[in-house]
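Hi,

Here is the structure I promised to pass on. Have a look at it first, and then read my notes below.

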Amino acid sequence: MARFHLRVFLALAPWFKAVAFSTDTGAVGSQDLDPLISGFNPRTSGSGGGSGGVRVIQSAESTPATDPDRLADKGTTPWTPTASGAGAQSGAPSYTLNVDSSTAYQTIQGFGGAFTDSSASVFAQLNETMQARVIQMFWGEDGQQYNLARVPIGATDFSTSVYSYNEWAGDYEMTNFSIAHDIPEILPYIKSALGVNDGIEFLATPWSAPSWLKRNNHVRNSLHPGLVQDEAAFEAYALYLSKFVSAMHDEGVEISRMTVQNEPHVAGQFMFTYPSMGYEAEDERDFLCNYLGPQMAKDHPGVAMYVHDDQKMKDEGDTFMVDRMATIMANQECADKYVSGAAFHWYGANLKNYDALASIHETYPDLPLLATEATLKDMTLRPWEEGAKYATDMIGDLNNWAQGWIEWNLLLNSHGGPTCIGPGVGEDDESCWPVGNCDAPLRVEIDEESGDVTEWKVSDSYYHMGHFSRYMPRGSVRVGMEVSQDDATATKGDTDGTHGDDSTDDEPLKATAVRTPSGEVVAVLLNTGTDAVPFTLAVSDGRSVEMQIPPNAIQTLIFDALDGGDELEEAAQVAPAEAHEPSAEATSEQDSDCPYSVFNWVGSVDDNPYFWQSPSFDWNATTTVGVFGDITKSTERIEMRDFAQARGIKVVAGVSPSHIDVNNATARDEWVQETVAYAIDQGLDGMNIDYEGHKPSLTAGFNEVVVELCEAMHAAIPNSEVSIDVPFYPEYEGRNFDYTRISEACDGLFIMAYDGEFWDNIQCAVTNATCSQACAPVDMVEQGIRQYLERDVDASKLYLGLPWYGLKYESFGRNGFSKIPFFAGQIDYQDILAAVDKAGDSGSVTMDEKSKTKVFDCGGLCSQWSDLITDRTDHIWFDDPESLTPKYALASKYGLRGVGMWESTKVTYDPTAHTPDADEMWDSLCQRSD
């Protein structure tokens, strides 16, 4: 189902006001203290450039000279016709940034940092007010909006002590495993972040096994290989890592990714040592294939395993990561089962190592790549130049297929510590130094006696990072970006998606671009030169604008959509409740005056709470009403439920098991019990299971949880109805469920026969194919029905669901619409009709005979007809009564249980009178007109 994930936006607390400390105590002024104030909320303050131009967010080392920009909103620069040579100043070279949104690459997972023991220690010393400031700076809607987090498994080089979670020698069953070390400081730090951002995804990484499982008998340092080389040790360590995921789950922290080992090449350290454990590539592969992979698949099948987690190169031009990956991936069966991605760090051959990523992507094109560690080491160098290294690396990694970027410590003391890089192994093995050797985006000094913060230093790397993390949300897709110097052939951001940024060249400009889920294009441009650079931003649709970037500066450029993004959905949350008996009327199903049953999806109904009282809302046709959210949240919902049940119409609610481990029998049982209790408490007659984001490894568990819920619901609520939403065709997204078994246990399968070809838009663009953009092409609708019947699903269990909305598409040529590849969002049927009516003779509506779908040609003036349409939208493909009639007729042709829609509230309802658009849609659904 198409549903939006709604996040609660947090307002700035009263303590977010400028504070300045005396520089005599080592403190800094309000700019360093309050990056949030000038930075604003980038995704809610104002909008993108829109059709009128390009919104510019800027940070610069010394521009303006008196108060340099830091994430400053410079306003919107209008689009202008391209003028050859315009903008060149003082003989400076002129550049062109060509953005091509018809070329789409990887999906961005996000940006973030690590919850290290050292950071947690500093965080714990702050008072509550300052802690809240730190959390907002990095994780809040008013700060960096980080959504990826790295969580160490045990001690690291940035810990305050040397520890593991089980130092009981010989405890191979891990009965003494405990994360007690993390409870005082690390977990409160993590939970504070979750308190302002529940979208954080956690990656867990070990630095060392417990000492007694290592050949050197110490957590610090390692031999090569590091683990004791016997079966018992391998099994115990795999269990140890799995136990960590379980323990964090119990604390409310869900680990979704794990790497096998941090920097497995680190072993045999001399003089200055820290927790580590060496693996040759063969050792890492064999441990994953034979021990860790099977253990995690059994205990935590939803956790994605990443390999390597080490440098891209040791020395410029070498094949360190490429060779390790080749060895690990050589066991194809193991790789297919257990390798979900490759992680890497920025250190070796820093800023000159991107060929490694391009090579790995070329060899393993479907393997996700994730940057998992970066930090600046020398705090004495020029701060801006150091911070720009972050931006350089993010551009280089993103342009070479990285899906995300995680920095190391977010918070340290003023000395860059504390750190666990100690003097070596021996009597002082447990010692860690209070000082350190690394920078962090935020460094503070705390007076030991008063507890006051005497220094609060925000590094320039913070602002560079913000140009990405604040404007490139999860789900953004990288698009084509070429940086060319006028009258020159050197380019960056090649359109083949590889070698997107070669930071070894002398060109000052580097750039990358993405398309966001909300339909904006976001480009980040970095100037590492000492001169201002004029440039032309040119979009593939013909729009252009002449701009300039100051010396030593970074800009985020935001302009209107070239296509849209997928809506995020939020899994339904349910809770046990007291029993509530269904009404007597609800125990017998109403007969529809249509030739079949009608599953009436009303979705979230609060925008027009009394729609159901309209004479056009066809209660005579409806046999089941489907809603999302609590019935008891409002009087209007309760009244609708009672009215429906009094007519013998069943009322069900959508629910999802996406948030549980469906392969775990205990988790399934708890969820089933909670869901049944929820249905009883809400006075429902059943449930509808809507399951998105499926992974093939969860197929067996999903089969079980569906069957178990159907059986439990039928036992608890006599004559209840449990249905499941299923895709356009059975194998979509690898959802190769046991449809026969599910259909036998449950009451209905609701075929979501919509968004059928929209999902293939990126493939469509890449292959340069001609694409039909119909939401529900009639041939695909019929093919999907046939495939379910071929799976031995009884026709009497199938509902055919069709769209009561349209899809907006944005073209790149305006030479007809045989190739209009990019989806720009959904639009309700009632809003389409309003736009068509307002357009009059300036627009046209035709029937696409192949798909039996209507096409509204906006006449190039779409935004004038509706504020829901941008002027980039050339066409809207939609279904109306004429196009829906032959599709709904398929239900009768194949003897299906019934039909439905997403959703019936997308037409106009007047509580006191009939509305033509609603009446006609209902007549089409019921086959009342020929």
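In which helix is the place of His-361? His-361 sits in helix H10, residues 354-363 (helices are DSSP runs of H or I with at least four residues, strands are E runs of at least two, and both are numbered from the N terminus). With 10% relative accessibility, His-361 counts as buried; buried means under 20% relative accessible area, exposed over 50%, and partly exposed in between, using a 1.4 Å probe and protein chains only. Leaving aside residues up to four places away in sequence, His-361 touches Leu-369 and Trp-401 (contact means heavy atoms within 4.5 Å).

Before you go on: this is a predicted model, where local features need pLDDT of at least 70, side-chain atom pairs count only at pLDDT 80 or more, and totals for chains, interfaces and linings use all residues. Residues are numbered from 1 along each chain as its sequence is written, and side-chain values use heavy atoms, with hydrogens and water left out.

Next, take a look at helix H14. It has 17 residues (665-681) and reaches 24 Å from its first C-alpha to its last, close to the 24 Å expected at 1.5 Å a residue (the expected span is 1.5 Å times one less than the number of residues). Its buried residues include Trp-671, Val-672 and Tyr-678. Among the elements covering the buried residues of H14 are strand E24 (650-655), strand E25 (686-689) and helix H15 (699-716). After H14 comes Gly-683, with a positive phi near 70 degrees.

Most residues other than glycine have a negative phi, and most peptide bonds are trans. Gln-145, however, has a positive phi near 60 degrees. You'll find Gln-145 in the loop between helix H4 (128-139) and strand E5 (148-153), and it is buried, with a relative accessible area of 6%. Ala-349 has a positive phi too, near 50 degrees. That residue lies in the loop between strand E9 (341-345) and H10, and Ala-349 is buried at 17% relative accessible area.

There are cis peptide bonds to look at as well. One runs from Thr-63 to Pro-64, with omega near -10 degrees, and Pro-64 is in the loop between strand E1 (53-60) and strand E2 (72-78). Another runs from Trp-902 to Glu-903, with omega near -20 degrees; Glu-903 lies in the loop between strand E34 (898-902) and helix H22 (916-925).

Happy browsing!
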